[in-house]
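Have a look at the model below. We will go through a few annotated positions and then a pair of packed helices.

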Amino acid sequence: MQELPATAPVFLVGPMGAGKTTIGKALASALGRSFLDHDDLIVNLMHMSIPDIFAQYGEPFFRDLEHDCLRLLLTGDFSRFSREQLYAAIGSDKLPAVIAGGGGIAMRADNRALIKEHAQCLYLHIDVEVQYQRVKDDTNRPMIYVDDIKGRLSELFTKRDPQWREIAHAIIEADDSIAHIVQKCQVALALK
């Protein structure tokens, strides 16, 4: 991994239910920095929920949108959305310093390259059983609109775990209290 400045954004990856948003908010607070959930940015820019985006446009469209928003956050490339649209969507004229990525953000090689080049990446790791307990009743996750949720989570984890590991500066076990997870993140960032 290349050496990044201490001011580089912190980007959290990992499976749905790992706590990327919850930990991201707490970590940002502990660091005195701003926070953004990447999926919330997409929702705010599109004025649609993620399940609605999937239903209306399909997953390939969503993945392209996800990439464009990532590029916008990490490089300031305003090819799809304007600066004004971005600032309205994030409620600030400052780019976030801690970003929670969606579970599938690392599926694309171009996303992995952007994250490796422009962010300090922490992989919040949980096993599939913990993940299942956390998300089994969540109706806002189109990737698990299936009969066998645990099987789908296992399938997604098997595909995505190597990709998260590829871009992670550190792997943080996320089956602990929020305070302990944030502390582990801070230690990992200090050691980078």
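Axes are lines fitted to C-alpha atoms, for helices over the stretch in contact, and angles run from 0 to 180 degrees between N-to-C directions. Helices are DSSP runs of H or I with at least four residues, numbered from the N terminus. This is a predicted model, where local features need pLDDT of at least 70, side-chain atom pairs count only at pLDDT 80 or more, and totals for chains, interfaces and linings use all residues. Residues are numbered from 1 along each chain as its sequence is written, and side-chain values use heavy atoms, with hydrogens and water left out.

Start with the record. An unreviewed UniProt entry lists Asp 39, Arg 63, Gly 103 and Arg 160 under "binding site". Such annotations may be inferred rather than shown by experiment.

Asp 39 sits in helix H2, residues 38–46. Its relative accessible area is 21%, so Asp 39 is partly exposed (buried means under 20%, exposed over 50%, partly exposed in between, with a 1.4 Å probe and protein chains only). Beyond its neighbours within four places in sequence, Asp 39 is in contact with residues including Phe 62 and Gly 102 (contact means heavy atoms within 4.5 Å).

Arg 63 belongs to helix H4, residues 59–75. Its relative accessibility is 8%, so Arg 63 counts as buried.

How do H3 and H4 pack? Helix H3 covers residues 50–57, and its axis lies 7 Å from that of H4, at an angle of about 125 degrees. The two helices are therefore oblique to each other (under 35 degrees is roughly parallel, over 145 roughly antiparallel, 65 to 115 roughly perpendicular, the rest oblique). Among the contact residues are Ile 53 and Phe 54 of H3, and Phe 62 and Arg 63 of H4.
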